[in-house]
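Me: Got a model here I'd like to go through. Can you take a look with me?

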Amino acid sequence: MQAIINRKEIKIKKCDLDKQLLTFIREDLNLTGTKNGCNIGVCGACTVLINNEPQRSCKLKVSDIIDKELLTIEGMSENNDLHPLQKSFLDHDAVQCGFCTPGMVLTAHALLLKNNNPTEAEVRDAIKINLCRCTGYQQIVDSIISAKRFYK
Ligand code: FES
Ligand code: FES
């Protein structure tokens, strides 16, 4: 059994199949960019992409990624360089405490892969699954709209 995790093929052990996906990502893979906010499927801090769809990893099991592609925030950067969407978040001051940011970036990435010219309303609709207690959302929306030129 295997899954593609951040573009690498990873073997999955049978004994891990029933584990919570969030725990597996953070504790077994040591990819701690995926955050545990509420652990009950409400806040979106644990968002990852599975086959390019945003999913709450606290509500899933490892068995849900078998033969699928999992992307965590660590997989967004390549060659130690931040992805342009991540740079856009920094450029627009869309990061304050940063706790929501990994999930927010991944949700925005999924949107822009599907729709590289979203309206502000479409951006707001997409990110409604990710709660942010700090920014007031406008800087986040601006950073996503500004990054759309990097998606073709
Ligand atoms: S930690 Fe999963 S939705 Fe909050
Ligand atoms: S930046 Fe603090 S929760 Fe979003």
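Me: Which residue just after α2 takes a positive phi?
Reply: D93, with a phi of about 55°. Bear in mind that this is a predicted model.

Me: And α2 itself, which residues are buried there?
Reply: Helix α2 covers residues 84–91, and L85, Q86, S88 and F89 are buried in it. Down the axis of α2, these buried residues fall within an arc of 155°, so they line one face of the helix.

Me: What covers the buried residues of α2?
Reply: The cover includes α3 (101–114) and α5 (138–147).

Me: Switching to strands. How many bridges join β3 to β4?
Reply: 4, between residues 47–50 and residues 53–56, and the two strands run antiparallel.

Me: What's in the turn?
Reply: β3 and β4 form a hairpin with 2 residues between them, and N51 in that turn has a positive phi of about 50°.

Me: Which way do β3 and β5 run, parallel or antiparallel?
Reply: Antiparallel, with 2 bridges joining β3 to β5 (residues 69–71). I50 has L70 of β5 as its bridge partner.

Me: How is the protein divided into domains?
Reply: Domain 1 is 2–75 and domain 2 is 84–150. Their centres, taken over C-alpha atoms, are 21 Å apart. Domain 1 puts 16 residues into the contact and domain 2 puts in 13.

Me: Which element gives the most on the domain 1 side?
Reply: β3, with 3 residues. That side of domain 1 divides into 8 nonpolar, 6 polar and 2 charged residues.

Conventions: Residues are numbered from 1 along each chain as its sequence is written. Chains are lettered from A and ligands numbered from 1 in the order in which they are written. This is a predicted model: local features need pLDDT of at least 70, side-chain atom pairs count only at pLDDT 80 or more; totals for chains, interfaces and linings use all residues. Two strands pair if DSSP finds at least two bridges between them. A residue is buried if 20 or more other C-beta atoms lie within 10 Å of its own, exposed if 12 or fewer, and partly exposed in between; C-beta atoms are placed from the backbone. The arc is that of the directions from the helix axis to the C-beta atoms. Two residues are in contact if their C-beta atoms, placed from the backbone, lie within 7 Å. Domain bounds come from an automatic or database domain assignment. Ala, Val, Leu, Ile, Met, Phe, Trp, Tyr, Cys and Pro count as nonpolar, Asp, Glu, Lys and Arg as charged, and the others, Gly among them, as polar.
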